[in-house]
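The following note was prepared for a colleague who wishes to review the model by parts. It takes the form of numbered points.

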Amino acid sequence: MEITGYQTESTTMVISSSRWKKRITFIIAYGVLVLTTLPIILMYLWLLVSSFFEKMKFGFIPVHFTLENWEFLWTNVEHGGSMLPSIWRATWNSFVFSGTLTILEVIIGVMAGYALARTEFPGRQALMKTILLLHAFPSVALLIAVFYILNFMGLFDSLWGVVLVKTALQIPMTAWIIKGFFDDVPWDVEWAGLIDGCSRFKVWFSIVLPLIKPGIAAVSIFSFLSGWSEFLLLYTFILSDENVTLSSYLQKLISDPNMVNYGMLSAVSLFYMFPVLLFFLFTQKSLMQMSAGGGKGI
Amino acid sequence: MKIELRNICKSFNKKTNTIDNMNLTINDGEFVALLGPSGCGKSTTMLMIAGIYKPDRGEIYFDGQIVNDLEPKDRNIGMVFQSYALYPHMTVLDNIAFPLKQQKVPKEERIKRAKRAAEMVQLEHLLGRKPSELSGGQQQRVALARAIVKRPKVLLLDEPMSNLDARLKIEMREEISRIQRELGITTILVTHDQEEAMTMADRIAVMKEGQIIQYDTPMELYYNPKNYFIAQFIGTPPMNFLKGKLLNNQLHLPNSTVELDCEFWEFNRKETEVHVGIRPYDLKLGKNGNVYIKGTVSMVELVGHSKMISVKVGNEQVRFFAEPNISIEYGSVIEISTQTSSIHLFDAVTGRSLKKDGMNKGLVKESVYN
C-alpha cells in the first residue's frame with residue numbers, strides 16, 4: 001500500500017509540473033497577444049465611451065453622460081454653420097453603393113473567372129499576367145483620367161458612376177480569386193454533367209457554381225466590405241449632399257480641424273462600424289471554409 | 001447501338017498524335033474493353049466517343065450515323081468516371097435522378113425510375129445521403145446508377161474500379177457484368193488492369209502509343225498473341241520469356257534444341273533471334289515435354305492451391321506452378337518442360353509472332369466452349 005501511495009504521489013507531481021510547463025507557454029503566448037492587441041482594444045473602448053459623454057477630461061476621463069452625440073440619428077444636425085445631410089440618406093446610399101458593387105462584381109467575376117480557368121483562347125496567359133499588374137495600380141493615379149471619363153459620360157456626381165469605376169478596379173482581383181476556386185473543380189464533374197444531358201452553360205450554372213459557393217460567399221463579403229469602406233473615389237466624384245455616403249459624411253465632420261465635435265465623431269464612427277460588425281458575425285463561417293470540392297474524397 | 005471509329009486521329013500538341021489513325025468497330029450489345037498501359041490514349045478514345053473531345057480527323061459513327069459534331073448531351077450515353085464525379089451538393093437520389101431531370105421527365109416518374117436504378121445497384125437505403133457520407137464503393141454504385149438511369153444506348157466506364165479494394169473490385173466486376181447483360185447495353189470499359197478486361201469483356205482492344213495492337217476475344221489474346229507486346233501484357237503471372245535462336249526448323253534454347261513443324265511456324269533459312277514465350281501454367285516439373293529447361297530455384301511462393309516457383313535460367317527468370325505438396329529447395333537445380341504446342345515465338349527485332357494462323361485454333365474453341 002505504501003509503495004502504491006508513493007507512486008501516486010510521484011505521478012501527480014510529474015503531472016502537475018508538466019501541467020505548469022504547458023500553462024507557462026500559454027501564459028507567455030497570451031501575454032504577448034494581450035500586450036500587442038491592448039492598444040487597439042483600448043482605442044475602440046475610448047470611441048465607445050467618448051460617444052456617450054459630453055467630454056473627456058485629460059483625454060481619457062469621461063465627464064457627464066449624455067445622448068446628445070447620437071442626436072444625428074433622429075434630427076438633422078448643424079455642423080460648422082451648415083446643415084449636415086440626413087444620416088439615413090447617407091446610410092441608404094452606402095448600402096446601395098456596396099450592394100450594387102457586390103452584385104456586379106460577383107456576376108462579372110464569376111463569369112470571367114470561369115473563362116480564365118476553363119477555356120483556351122489566344123492571349124490567355126498574357127491576360128492573366130496583366131490582371132495582376134492592373135491590381136497593382138493605385139486608384140489615386142487614375143483619378144484625373146476617371147474624372148474626364150465620368151464627366152464625358154454624364155456620370156459625374158452620381159453613385160452609379162462611382163460604382164462602375166470601383167467595379168472595374170476590383171474585377172481583376174475578384175476574377176483571379178474565383179478562378180482559383182474553378183481550378184479546384186475537377187473536369188470529371190463537368191464532363192459528367194455534359195454527358196448527363198446539360199449544355200455547357202447549364203453545367204456551369206447548375207453544377208459548377210454550387211460547388212464554388214464558398215468562393216462566391218468570400219468574394220461577395222470582401223467586395224461588400226471594400227464598398228462600405230470606400231472613401232477616395234466617393235469623396236472625389238460625388239459633390240451633392242443627396243448622394244453622400246457614410247464615409248463622406250464622416251469626412252464632413254472633420255473637414256475643419258478647429259470645429260471637430262469629438263463626441264459626435266465617435267458616435268458616427270460607431271454607427272458606420274456597426275453594420276460591418278453585424279455582417280462579420282453572420283458571414284464569418286463562410287469566410288472560414290474557403291475550398292471547393294468534387295470528385296473522390298469530397 | 002453499333003459504334004464505329006474510322007481513321008480517328010487526335011493530337012494535343014500538334015507534334016505527336018495521341019491517337020493515331022484508329023479503327024474500331026463495336027457491335028450492338030457488345031462489351032468491349034480498351035486495355036493498355038497509362039498514357040496509351042484509351043481514355044482519350046473514350047472521351048471522343050462521349051463527345052467531350054472532338055477528333056482531329058476521321059469519323060465516329062453511331063448506328064451508321066456520323067456523330068462527330070453531336071453534343072455529348074445528344075448522344076444518349078451514360079458514363080462512370082474513375083473519380084465517380086458525383087455532384088457533391090446533391091443527395092444520392094438527386095444525383096441519380098439528375099440525367100432524367102435534364103430530359104424533363106415528370107418528377108414522380110423521375111423519382112420512381114431513380115429508385116429502380118438504385119435498387120439495381122443495391123443502394124435503396126442510402127438515397128437521402130450526400131456523396132461525402134458514402135464509402136468509395138457506395139459512391140461508385142451511385143455513379144453506376146446515374147449512368148444507367150436514363151437507359152442510355154452506350155455505357156462508358158472509365159477505370160471504374162481502380163479506386164476500390166481487391167475484394168470490392170471482384171464484387172463490382174460481377175455486378176457490372178450482370179447489369180450489362182440484363183440491360184443488353186453496348187459497353188466500353190477503359191482499364192489498365194488486364195485481369196479486369198479479361199474477365200468482363202467480350203472483346204478487348206489492346207492499345208499502345210495511340211494505336212490498337214490487337215482487337216480480339218480474351219481467349220484469342222491469351223492463346224494467340226499477335227506480337228511480343230500483347231504476350232507480355234496479357235496473363236497473370238506474365239508469360240515467361242527466354243532468348244533463343246531459330247535456324248531453319250531448329251529452335252535453339254539454352255539447354256535444348258527443338259525441331260519445329262513448318263506447317264505451324266514461319267521461319268527462313270537465316271538465323272533469327274527470337275523470344276520464346278511460355279505461360280507459367282504450361283510448364284511442368286520433369287522432362288516429360290519436348291521443350292525442356294534447366295535452372296536454379298530462386299524463389300518458392302505458396303499460393304494456396306499450388307506453389308509458384310521461380311527458376312533462374314541464365315539471366316532470365318522463369319515462373320511455373322507445382323503441386324503444393326512437392327518439396328523443392330532453394331538453390332537446387334531442377335528441370336521443367338512443356339509441349340511444343342504451348343510455346344510462342346516472337347521475332348526479337350520486330351516483335352511479330354512467328355506462329356502461323358490456324359495453330360491452336362482448335363484449342364481456343366475447346367476452351368471457349370468449356
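The points below treat the domains, the contact between the chains, the cores, a sheet, and some backbone details.

1. The coordinates come from a prediction, and the model should be read as a predicted one. All values in this note are computed from that predicted model.

2. Domains of chain A. For chain A the assignment gives domain 1 as residues 2-66 and domain 2 as residues 80-288. The C-alpha centres of domain 1 and domain 2 of chain A are 38 Å apart. Six residues of domain 1 of chain A are in contact with six residues of domain 2 of chain A. On the domain 1 side, helix 1 (2-51) and strand 1 (53-57) of chain A are the elements that give two or more residues. Helix 1 of chain A gives the most to that side, with four residues. By class, the domain 1 side divides into three nonpolar, two polar and one charged residues.

3. Contact between the chains. Chain B contributes 21 residues to the contact and chain A contributes 19 residues. Within chain B, strand 6 (77-80) and helix 2 (92-102) each supply at least two residues of the side that touches chain A. Helix 2 of chain B gives the most to this side, with three residues. The side of chain B that touches chain A consists of 13 nonpolar, seven polar and one charged residues.

4. Nonpolar cores. The largest nonpolar core has 114 residues, of which Ile96(B), Ala145(B) and Leu156(B) touch the most other members. Leaving aside residues up to four places away in sequence, Ile96(B) touches Ala114(B), Ala117(B), Ala118(B), Val142(B), Ala145(B), Arg146(B) and Val149(B). There is also a second, separate core of 23 residues, which includes Val146(A), Leu159(A), Val244(A) and Met264(A).

5. Helix 10 of chain A. Which residues of helix 10 (residues 246-254) of chain A are buried? Leu246(A), Ser248(A), Tyr249(A) and Leu253(A) are buried there. These residues lie on the same side of helix 10 of chain A, because they cover an arc of only 160 degrees around the axis.

6. A sheet in chain B. Five strands of chain B form an open sheet in the order 15-19-16-17-18, with antiparallel pairing. Strand 15 (284-285) and strand 18 (316-322) of chain B are its edge strands, each pairing on one side only. Strands of a sheet pair through backbone hydrogen bonds. Strand 16 (residues 291-302) of chain B is joined to strand 19 (residues 333-338) of chain B by six bridges, and Gly295(B) stands opposite Ile334(B) in strand 19. Strand 16 of chain B also pairs with strand 17 (residues 307-313) of chain B over six bridges, in the antiparallel sense. In that pairing, Met299(B) has Ser310(B) of strand 17 as its bridge partner. Seven bridges link strand 17 of chain B to strand 18 of chain B, again antiparallel, and Val311(B) stands opposite Val318(B) in strand 18.

7. Hairpins of the sheet. The hairpin of strand 16 and strand 17 of chain B has four residues between the strands, and Gly304(B) takes a positive phi near 85 degrees in it. The hairpin of strand 17 and strand 18 of chain B has two residues between the strands, and Gly314(B) in the turn has a positive phi of about 60 degrees.

8. Backbone details to inspect. Most residues other than glycine have a negative phi, and most peptide bonds are trans. Asn21(B), in strand 2 (residues 19-26) of chain B, has a positive phi near 45 degrees. Asn21(B) counts as partly exposed because it has 14 C-beta neighbours inside 10 Å. Ala85(B) lies in the loop between strand 6 and helix 2 of chain B and has a positive phi near 50 degrees. Ala85(B) counts as buried, because it has 29 C-beta neighbours inside 10 Å. The peptide bond from Thr236(B) to Pro237(B) is cis, with omega near -15 degrees. Pro237(B) is placed in the loop between helix 8 (228-233) and strand 11 (240-247) of chain B.

Notes: Residues are numbered from 1 along each chain as its sequence is written. Chains are lettered from A and ligands numbered from 1 in the order in which they are written. This is a predicted model: local features need pLDDT of at least 70, side-chain atom pairs count only at pLDDT 80 or more; totals for chains, interfaces and linings use all residues. Two strands pair if DSSP finds at least two bridges between them. Two residues are in contact if their C-beta atoms, placed from the backbone, lie within 7 Å. Ala, Val, Leu, Ile, Met, Phe, Trp, Tyr, Cys and Pro count as nonpolar, Asp, Glu, Lys and Arg as charged, and the others, Gly among them, as polar. A nonpolar core is a set of buried Ala, Val, Leu, Ile, Met, Phe, Trp, Tyr and Cys residues joined through C-beta atoms within 7 Å. A residue is buried if 20 or more other C-beta atoms lie within 10 Å of its own, exposed if 12 or fewer, and partly exposed in between; C-beta atoms are placed from the backbone. The arc is that of the directions from the helix axis to the C-beta atoms. Domain bounds come from an automatic or database domain assignment.
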